[in-house]
Amino acid sequence: MSVVIVNRDAREALLQCLGSIKRFPPAVAWEAIVVDNNSSDGSVTATAGDFPETRVIANADNRGLARANNQGMAAARGEVVLISNPDVVFTAGALDALWSAMQRHPRAAFIVPRLVHPDGSLQTSAGDLPRLREALLGRGANRQAAAARADTAAGFWWDGWAHDEERRIGHGAEACYLVRRAAMAEIGPQDERFFLDWEGVEWSARAQRHGWEVWFTPTAEVVHVGGTSIKQAQLRWVVWSHQGLYRYFRAQSPALLRPPLAALISLRAGVKIASLVAGQPLYDRANRG
C-alpha cells in the first residue's frame, strides 16, 4: 500500500496524519509519499526531520490537487494507493479495513471510508453522481431534500444516511480513499485540468463508464479535521471549485448550452464570494450544516 498525501501549508496536520499511519500501519507492506505544493510553513523540513522514511516530492509551485495526486501516484510502488488529505487522522484498523474491502470487491476502483469530525460526529462521505440542479443548489438545499425523502441514501450527498453498511455508491468524499492500481491503469490518472475540487467526482464517473465500481465501507473509520489548507485561501477555493463544477458539467452539455451554463455557474460563484466578503464561514457551513 502506498499512501499519497498532497500538502499545502498544513504542517501540524500533516505530521499528525503521518504519525497516525505510523502508529496504526496496515498489515501489508506500505510506504508514505508526501507531495508538497510549495508550502511556506516548513512542512518539508519538518517531515524530513520527524519521518525520514517518508518520501517527499517538493514542488517549486502550487500545482493543484489533481496534478500533485498524479505525481504521487506515479512515484508510488504499491498495488493500491491511498490518497489522503493531510488533515486526516487514521484510527486503529482503518487501513486494514480499506484493504480488506478492496479484496472483497474485485471491480472496485475506489474504496471510501467512514469519516467523522474530531468530536466524533458523522461526516457525510457517500453519494450518487451529481445532477446539475443538485450541484447548483448546494449542500443546504440537498440536506433539506434528504430530510424530506424516505430513502436517505439518495442524491448528490447522502445526508441523513447512517453510513452503517457497506454498499456501492456513485462517489465519495475526497478526503481519503483507496485506489486500485489496475483500475487506474485502465481509466487513466486524475484530470489535471481540475485544480481543486471535482477531480474526484470526475474520476469516479470515468471509472464507472469503464465498468469499475466505487464502494463505501463503514469498517474503516478515520477522523477528518477538514479545511486545513482551504480555510487559508477560501476565495481561491470558491473560484477553483466553481471552475471544476463548470468543467464537469460542460463535458456533459451540448455546445449550445455551454455559454448559459458558464453564466449560471459564474453567478453562483459571485454569490459565494459575496458571502465570503460578508464573513460567512462557507467551508464549515457546507460540511457541517
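Mentor: Happy to, and keep in mind that this is a predicted model.

Trainee: Okay, charges: how many positive and negative side chains does the protein chain have?

Mentor: The protein chain carries 32 positive and 29 negative side chains. The centres of those two sets are 5 Å apart.

Trainee: And what does the accessible surface come to?

Mentor: About 12500 Å² for the protein chain, with 55% of that belonging to carbon and sulfur atoms.

Trainee: Switching to the fold, how many helices and strands are there?

Mentor: The protein chain has 10 helices and 12 strands. Its radius of gyration is 18 Å, close to the 19 Å from the globule rule for 289 residues, so the chain is as compact as a globular protein of that length.

Trainee: What are the spans along the principal axes?

Mentor: The C-alpha trace covers about 50 × 40 × 40 Å.

Trainee: What share of the residues is buried?

Mentor: Buried residues are 54% of the 289 in the protein chain. On contacts, taking those with a separation of 6 or more, 77% come from residues 24 or more positions apart.

Trainee: Which residues of H3 are the buried ones?

Mentor: They are Leu65, Ala66, Ala68, Asn69, Asn70, Gln71, Gly72 and Met73.

Trainee: And what covers them?

Mentor: The cover includes strands E1 (2-7), E2 (31-37), E3 (55-59) and E4 (80-84). Helices H6 (181-187) and H7 (199-209) are also part of that cover.

Trainee: New topic, cysteines. How many disulfides does the count come to?

Mentor: The count is 0 disulfides. For Cys17, the nearest cysteine sulfur is that of Cys176, 8.0 Å away, and a disulfide needs the two sulfur atoms within 2.5 Å. Cys176 is likewise in no disulfide, with the sulfur of Cys17 as its nearest.

Trainee: Is Cys17 buried or exposed?

Mentor: Cys17 is buried, at a relative accessible area of 0%. Cys176 is buried as well, at 1%.

Trainee: Last one: where does Asn142 sit?

Mentor: Asn142 is in helix H5, residues 132-148. With 8% relative accessibility, Asn142 counts as buried.

Trainee: Which residues does Asn142 touch, beyond its sequence neighbours?

Mentor: Leaving out residues up to four places away in sequence, Asn142 touches Glu134 and Phe156.

Definitions and conventions
Residues numbered from 1 in each chain as written. Predicted model: local features only at pLDDT ≥ 70, side-chain atom pairs only at ≥ 80, totals over all residues. Heavy atoms only, no water. Helix = DSSP H or I, 4+ residues; strand = E, 2+ residues; numbered from the N terminus. Rg over C-alpha atoms; globule rule 2.2 N^0.38 Å. Buried < 20%, exposed > 50% of the residue type's maximum accessible area, 1.4 Å probe, protein only. Contact = heavy atoms within 4.5 Å. Areas by Shrake-Rupley, 256 points an atom, 1.4 Å probe, with all protein chains shown as cover. Lys, Arg positive; Asp, Glu negative; His and termini not counted. Charge placed at Lys NZ, Arg CZ, Asp CG, Glu CD.
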